Amino acid sequence: MRAKQTDGSWAQPDATLEERSDGTVGPKASVAKISFSGGGSGADLVKLSLDGRSLTVGWPGMLPKPTLDGDSAVYADVLPGVDLRMTATTEGYREVLVVTSASAASNPELSGR
């Protein structure tokens, strides 16, 4: 499988995240066009498009600048004691809330997320 690049060339898919000139974060080469927020308003946490269809997913609140870890962007303390880990794949993404303490686990804002 190959991923078409913006310049029309083809590349081996690579979900390793990199910072982009527009301030967003995204995989080096993916089948779907994926971008994660570079921090700030949570309105555009994820933008994904493929085959003429698009999806935007938001986060209710402000996001810190993420720390990049391979194919993951970690937004620290999006809730007290809770980190948001967004992981890119070559065709989409995964979202995981990482609860770092027992007291954070009892936060009512976690129910339903």
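Tutor: Begin with a term: a strand here is a DSSP run of type E with at least two residues, and strands are numbered from the N terminus. Keep in mind that this is a predicted model.

Take the whole chain before any part of it. The protein chain has one helix and 13 strands. Read along the sequence, the pattern is β-β-β-β-β-β-β-β-β-β-β-β-β-α. The C-alpha trace spans about 50 × 25 × 25 Å along its principal axes. The chain exposes about 6,500 Å², and carbon and sulfur atoms supply 49% of that area. Of its 113 residues, 36% count as buried. Now look at contacts between residues at least 6 apart in sequence: 33% of them join residues at least 24 apart.

Start outside, with D51. D51 sits in the loop between strand 7 and strand 8 (53-57). Its relative accessibility is 72%, so D51 counts as exposed. The cut-off for that word is over 50%. D51 also has a positive phi, near 50 degrees, and is not a glycine.

D77 lies in strand 11. D77 is exposed because its relative accessible area is 52%, and the word calls for over 50%. D77 has a positive phi of about 50 degrees, again in a residue other than glycine.

V78 belongs to the largest nonpolar core, which has 21 residues. Along with V78, the members that touch the most other members are F36, L45, L63, Y75, L84 and M86. Strand 5 (33-36), strand 7 (46-50), strand 11 (72-79) and strand 12 (82-88) each supply at least two of its residues.

What does V78 touch, leaving aside neighbours within four places in sequence? The contacts are W59, L63, P64, D83, L84 and L97.

Follow that list to L84. L84 lies in strand 12. L84 has a relative accessible area of 0%, so it is buried. Its contacts, not counting residues up to four places away in sequence, are L45, W59, L63, A73, V74, Y75, V78, E95, V96 and L97. Look at L63 in that list. L63 and L84 are 21 residues apart along the chain, and their C-alpha atoms are separated by 9.3 Å.

Four strands form an open sheet, in the order 10-11-12-13, with antiparallel pairing. Strand 10 (67-69) and strand 13 (93-99) are the edges, each pairing on one side only. On average, neighbouring strands of this sheet are turned by 25 degrees against each other, direction ignored. In general, strands of a sheet pair through backbone hydrogen bonds, either parallel or antiparallel. Strand 10 and strand 11 run antiparallel and are joined by three bridges. Here T67 stands opposite V74 in strand 11.

Strand 3 (residues 14-19) and strand 4 run antiparallel, and four bridges join them. Strand 4 (residues 25-29) is mostly covered, with four of its five residues buried. The hairpin of strand 3 and strand 4 has five residues between the strands, and G23 there takes a positive phi near 95 degrees.

T24 is found in that loop too. Is T24 buried or exposed? T24 counts as buried because its relative accessibility is 18%, and buried means under 20%. Its side chain makes a polar contact with the side chain of D22, at 2.6 Å. Leaving aside neighbours within four places in sequence, T24 is in contact with E18, E19, S35, F36 and G38.

Definitions and conventions:
Residues are numbered from 1 along each chain as its sequence is written. This is a predicted model: local features need pLDDT of at least 70, side-chain atom pairs count only at pLDDT 80 or more; totals for chains, interfaces and linings use all residues. Side-chain values use heavy atoms; hydrogens and water are left out. A nonpolar core is a set of buried Ala, Val, Leu, Ile, Met, Phe, Trp, Tyr and Cys residues joined through side-chain atoms within 4.5 Å. Buried means under 20% relative accessible area, exposed over 50%, partly exposed in between (1.4 Å probe, protein chains only). Contact means heavy atoms within 4.5 Å. Two strands pair if DSSP finds at least two bridges between them. Axes are lines fitted to C-alpha atoms, for helices over the stretch in contact, and angles run from 0 to 180 degrees between N-to-C directions. Accessible areas come from the Shrake-Rupley method with a 1.4 Å probe; for residues, only the protein chains shown count as cover. A polar contact is a pair of N or O atoms within 3.5 Å; within protein, one must be able to donate a hydrogen and the other to accept it, and residues adjacent in sequence count only if both atoms are side-chain atoms.
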